[in-house]
Amino acid sequence: MNPSAIVMAKELPEGSSRSGGEQLQNPAPLSRYESQKRRDWNTFGQYLKNQRPPVPLSQCNCNHVLEFLRYLDQFGKTKVHLHGCVFFGQPDPPAPCTCPLRQAWGSLDALIGRLRAAYEENGGSPENNPFGNGAIRLYLREVKECQAKARGIPYKKKKKRKLNNPIKATIGAPAATDQHKNLMQAS
């Protein structure tokens, strides 16, 4: 679809929509996720309009998204200790410090997911989605690692579970099969 066809959601009362005759209907109320996605989309659109000069959504790229994420940091509530702070790396510091408050990694990650979906729902093509750009994923990964180090709590990568396939385990592995038989007989 043409990038210039991407539109921001019109401001309507929550839970109502416009039909051809400008009549308001009351469909089922939006879910919490859908309401948040709409608010996030409108906030991002307002952010672009407030830029000097204003940025049309059709010309938005990953750099605008990164600037938006950095702009949001000023409203964050997560204390992120700087390298020079005596509490750097401590999960529960015993006293307050002057380190900045930032947006939590998980909040930014969820926000990008909602904006990515909203972009495509409003006419943007998945191939040109600035919220799905590799630079955004890299930024989120860096924020995650930085916040983990500052708190002294590493994020553990979830390990993929291997499927136990009894057929594969027995093919070409007679020793493993014999060990399995011995264990079964011992129990």
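## Order of elements

From the N terminus on, the elements of the chain run β-β-α-α-β-β-α-α-α-α. The chain has 6 helices and 4 strands; helices (H or I, at least four residues) and strands (E, at least two) are DSSP runs, numbered from the N terminus. This is a predicted model, in which local features need pLDDT of at least 70 and side-chain atom pairs count only at pLDDT 80 or more, while totals for chains, interfaces and linings use all residues. Residues are numbered from 1 along each chain as its sequence is written, and side-chain values use heavy atoms, with hydrogens and water left out.

Of the 187 residues of the chain, 29% count as buried. Buried means under 20% relative accessible area, exposed means over 50%, and partly exposed is in between (1.4 Å probe, protein chains only). Among contacts in the chain with a separation of 6 or more, 59% come from residues 24 or more positions apart; contact means heavy atoms within 4.5 Å.

## Helix α3

Helix α3 covers residues 105–121, which is 17 residues. From its first C-alpha to its last it reaches 24 Å, close to the 24 Å expected at 1.5 Å a residue; the expected span is 1.5 Å times one less than the number of residues. After α3 comes Gly123, with a positive phi near 100 degrees.

The buried residues of α3 are Trp105, Leu108, Leu111, Ile112, Arg114, Leu115, Ala118 and Tyr119. Their cover includes α1 (32–49), α2 (62–72) and α4 (134–151).

Arg114 is placed in helix α3 and counts as buried, at 16% relative accessibility. Leaving aside neighbours within four places in sequence, Arg114 is in contact with Tyr33, Gln36, Lys37 and Asp40.

Glu121 also lies in helix α3. Glu121 is exposed, with a relative accessible area of 52%. Not counting residues up to four places away in sequence, Glu121 touches Glu34 and Lys37.

## α3 against α4

Two packed helices are described by the angle between their axes and the distance between the axes. The axes of α3 and α4 come within 9 Å and cross at roughly 165 degrees. Axes are lines fitted to C-alpha atoms, for helices over the stretch in contact, and angles run from 0 to 180 degrees between N-to-C directions. The two helices α3 and α4 are therefore roughly antiparallel to each other; angles under 35 degrees count as roughly parallel, over 145 as roughly antiparallel, 65 to 115 as roughly perpendicular and the rest as oblique.

In this contact, Trp105, Leu108, Asp109 and Ile112 in α3 meet Ile136, Tyr139, Leu140, Val143, Lys144 and Gln147 in α4. The residues of the contact divide into 7 nonpolar, 1 polar and 2 charged. Here Ala, Val, Leu, Ile, Met, Phe, Trp, Tyr, Cys and Pro count as nonpolar, Asp, Glu, Lys and Arg as charged, and the others, Gly among them, as polar.

α1 and α2 pack at an angle of about 105 degrees, with their axes 11 Å apart. That makes α1 roughly perpendicular to α2. Thr43, Phe44, Tyr47 and Leu48 in α1 meet His64, Val65, Glu67, Phe68 and Tyr71 in α2. This contact has 6 nonpolar, 2 polar and 1 charged residues.

Ser58 is found in the loop between α1 and α2. At 33% relative accessibility, Ser58 counts as partly exposed. Ser58 and Gly124 are 66 residues apart in sequence, and their C-alpha atoms are 8.5 Å apart in space.
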